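Visitor: I am new to this structure and would like to ask about its aromatic rings. Please show it to me.

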Amino acid sequence: MGLSQAEREAIMDRARERGIDLGEEHWYLLELSYDYYRKHKTICTLRTLMKLSGWEKKKIYKLFPGNPVGEISKITGLPMPKEC
Amino acid sequence: MKQKEKELSFCSRLLNGPYPSHVKELASSRYPLEIYEAGLKEGASAFGPGGYLSIPELPSGTSLRLSRYPEVWAESPFIRILGPAGGWMSAETLEALADLAERYGQGLVHFTTGGTLEIYTTRENIVPLVRELNALGYDVGSTGDDLRCITSCCGPARCDLALVDAPGLATYLGQRFIDDQQYPGFPQKCKSGVAGCPNDCIRAMMQKDHSFIGVYRDLPVIDELLLEEWVKSGGDWQGLIEACPEGALVVEGKSSKLKVDPEACVRCMTCINLCSAIRPGKERGVAWVAGGKYGHRGPKGPMVGYVMVPFFPIRGPEDYDALGDLFGAFLEFWADQAKPKERVGDFISRVGPSRILRELGLSVEPQVVEMPRKNVFRPCKGTVVEIKGAFYGCTG
């Protein structure tokens, strides 16, 4: 993902503020979002995230409750998809 | 009281007028009539645009209306309960819902046109209300860009004309696709319904994005003895023949025997609705219809659904799995290929029904998709390419 330890800790703090304790699966989705951002300059939509991860919508909603893509955007500071 | 009526000059007409009156119902709850009155006085809605409520426990099933008169009522959050197929609710369930509406809301339950029930409440009451609702065996969903509550007509539980078990199929689909109703992730909302017969009392063809409609493929069955009795008891013989929109009912020779012209009959329900001696055929199934919408949004505006496949046989619940597979495959295809906020109807009209059928591995019948004719069971002469070539004056 190419993030420094300080950046990772900042992300973890922001997630904690939003009631999310980041685990291995959360970081996997964040890594996918960063990879996508490098190519497209936004994070991906929920459907693209489902395809990239191979996970079901319900699982992603459980990891980032409410609005998964919105939560990832707020936690990482990366811009939302154009479609949203 | 007089003072209050003076203040509610618009509402009081309906409050004191004859039955039925929605204002009487609103007034007997804790809904603030002042807000409705204020809107009527201004000639505008009492509520401004709605919005989504972000509640981590509930990805779908809750929403919000923002008031235009915050001094009376700032906002109206509500939950949307997925109603059972067929629209039945026992008195016991209604009492339990009424109790919840009294304790957590304004003592008001809204039966929506989409087959759901809404209880208006407050932000802080939403989660405890939904927990109590879950304990009753009900759940919320059907808001936002997801699969909306799958509605159906009453089917064979109450109707003599039902060709398939519409509530049974709708319940199957509702249970199988519950995640899609509770976790938004589609480009737009997708309404869905199952109608038991071509009368389509739930308006699935016009109102629903993705629906199944009960149909029969063979001809209507005429019981001659019953028909004689029907005529003797004053049945309008001539009116029955004239009522057929395709002129498919013909008198056989000089006898009084009725016959159905198989080429002309479009398998509608007109004669069956009029005469109890004519019953639907025995070969029954569903037509898959997609793309209906009443809304004016989108490039195509209001649309009647496309008949994508005119007949899937249904012998019983053992055939539901295949329909469910098709239902899910189409949802995935639409969700992958549609533009943001593109309803199913606009998507089909942009992409073309032929391509969708090919992508889903279904056969493309020219009489259904390319040159739609009323009698979809009468095949066209020639292939799709030949027919298109003849129609557009070109080959290939």
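Guide: A charge sits over a ring if NZ of Lys or CZ of Arg is within 6 Å of the ring centre and within 35 degrees of the ring normal. The model shown here is predicted.

Visitor: Which residue lies over the face of A:Y37?

Guide: The cut-off for a charge over a ring is 6 Å from the ring centre. At 5.6 Å from the centre of the A:Y37 ring, the residue over its face is A:K41.

Visitor: How far from the centre of the A:W27 ring is the charged end of A:R8?

Guide: For Arg, the atom that counts is CZ. The charged end of A:R8 sits over the ring of A:W27, and its distance from the ring centre is 4.2 Å.

Visitor: How many aromatic pairs does the structure hold over all chains?

Guide: Rings pair if their centres lie within 6.5 Å. Over all chains, the number of aromatic pairs is 11.

Visitor: How many residues apart in sequence are the parts tied together by B:F212 and B:F327?

Guide: These two residues form a tilted pair, 6.2 Å centre to centre, with 35 degrees between the planes. B:F212 lies in strand β8 of chain B and B:F327 in helix α13 of chain B, so the pair ties together parts whose separation in sequence is 115 residues.

Visitor: Is B:F327 buried or exposed?

Guide: Buried means under 20% relative accessible area. B:F327 has 0% relative accessibility, so it counts as buried.

Visitor: Which residue forms an aromatic cluster with B:Y31 and B:F47?

Guide: The cluster is in chain B.

Note on methods
Residues are numbered from 1 along each chain as its sequence is written. Chains are lettered from A and ligands numbered from 1 in the order in which they are written. This is a predicted model: local features need pLDDT of at least 70, side-chain atom pairs count only at pLDDT 80 or more; totals for chains, interfaces and linings use all residues. Side-chain values use heavy atoms; hydrogens and water are left out. Rings of Phe, Tyr and Trp (its six-membered ring) pair if their centres lie within 6.5 Å; planes under 30 degrees apart count as stacked, over 60 as edge-to-face and the rest as tilted. Helices (H or I, at least four residues) and strands (E, at least two) are DSSP runs, numbered from the N terminus. Buried means under 20% relative accessible area, exposed over 50%, partly exposed in between (1.4 Å probe, protein chains only).
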